[in-house]
Amino acid sequence: MTRTYTLKKRAEQQAETRQRIVEAAVELHGSIGPALTSLSMVAERAGVQRHTLYAHFPDERSLYLACSGLTLERDSLPDAAAWQGIEDGGERLRVGLLAIYRWYERNEDLAACVLRDAEYHSLTKEIVELRIGPSMAAYQDVLGTELSKTQHAMLRLALNFFTWRALVRESGLGQAAAVGAMIQAIGCTTESS
């Protein structure tokens, strides 16, 4: 019985250590970005030795996967399937963009650092494509129904985090006004407008 208890306690301690490491990496990724975050910095922030970090995460990719997994577990990206039943294209676009923009607002610091670094850091780009790419493709499909090629290009712009930031943070628009501006730019209207 003592051996089972000891093994269980050890497993719990290992899980806690792993969690501390992932939390430390998420904090660093959201403050300085993944490209500038070293494994030594993560180990120091987590309060562990590097060999302990490597015991849990043998490489940066496995750590990035754990970080992105935890982040999306805590606050998953909006599900495009929820908007498919909205008949009016303009209203579907309004509802979808508003949900996406609210997610951007809740995850602003981390998204800004990660998406910035994905422009030049290959591992960050790989993880972003893996974790966010499928949702963005679904947004294009569901929200882009019946749009022209030019409107699709504007939709792509509307879905971009940096467009949201320019409209809301830099220009001072509220979420609804930012969504309205993008709907107008795309050339859609809603039945309620």
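Modeller: Here are the labels one by one, with the rule behind each.

Modeller: This is a predicted model, where local features need pLDDT of at least 70, side-chain atom pairs count only at pLDDT 80 or more, and totals for chains, interfaces and linings use all residues. Residues are numbered from 1 along each chain as its sequence is written, and side-chain values use heavy atoms, with hydrogens and water left out.

Colleague: Thanks! Why does His29 count as buried?

Modeller: Buried means under 20% relative accessible area, exposed over 50%, and partly exposed in between (1.4 Å probe, protein chains only). His29 has a relative accessible area of 5%, so it is buried. His29 sits in helix 1 (residues 2–31); helices here are DSSP runs of H or I with at least four residues, numbered from the N terminus.

Colleague: And what does His29 touch?

Modeller: Contact means heavy atoms within 4.5 Å. Not counting residues up to four places away in sequence, His29 touches Pro34, Thr37, Tyr64, Cys67, Leu110 and Cys113.

Colleague: Val48 lies in the loop between helix 2 (39–46) and helix 3 (50–56). Is Val48 buried or exposed?

Modeller: Val48 counts as buried, because its relative accessibility is 12%. Leaving aside neighbours within four places in sequence, its contacts are Thr17, Arg20, Ile21, Ala43 and Leu53.

Colleague: Why are helix 5 and helix 10 called roughly perpendicular?

Modeller: Two packed helices are described by the angle between their axes and the distance between the axes. Axes are lines fitted to C-alpha atoms, for helices over the stretch in contact, with angles from 0 to 180 degrees between N-to-C directions. Angles under 35 degrees count as roughly parallel, over 145 as roughly antiparallel, 65 to 115 as roughly perpendicular and the rest as oblique. The axes of helix 5 and helix 10 (residues 161–170) cross at roughly 80 degrees and come within 10 Å. The pair is therefore roughly perpendicular.

Colleague: Which residues meet there?

Modeller: From helix 5, Tyr101, Tyr104 and Glu105 meet Phe161, Trp164, Leu167 and Arg169 of helix 10.

Colleague: What makes the buried residues of helix 7 line one face?

Modeller: In helix 7 (residues 122–131), the buried residues are Leu123, Thr124, Ile127 and Val128. Seen down the helix axis, they fall within an arc of 135 degrees, so they line one face of helix 7. That arc is taken from the directions from the helix axis to the C-beta atoms. Their cover includes helix 4 (60–74), helix 6 (108–117) and helix 8 (133–143).

Terms used:
Helices (H or I, at least four residues) and strands (E, at least two) are DSSP runs, numbered from the N terminus.
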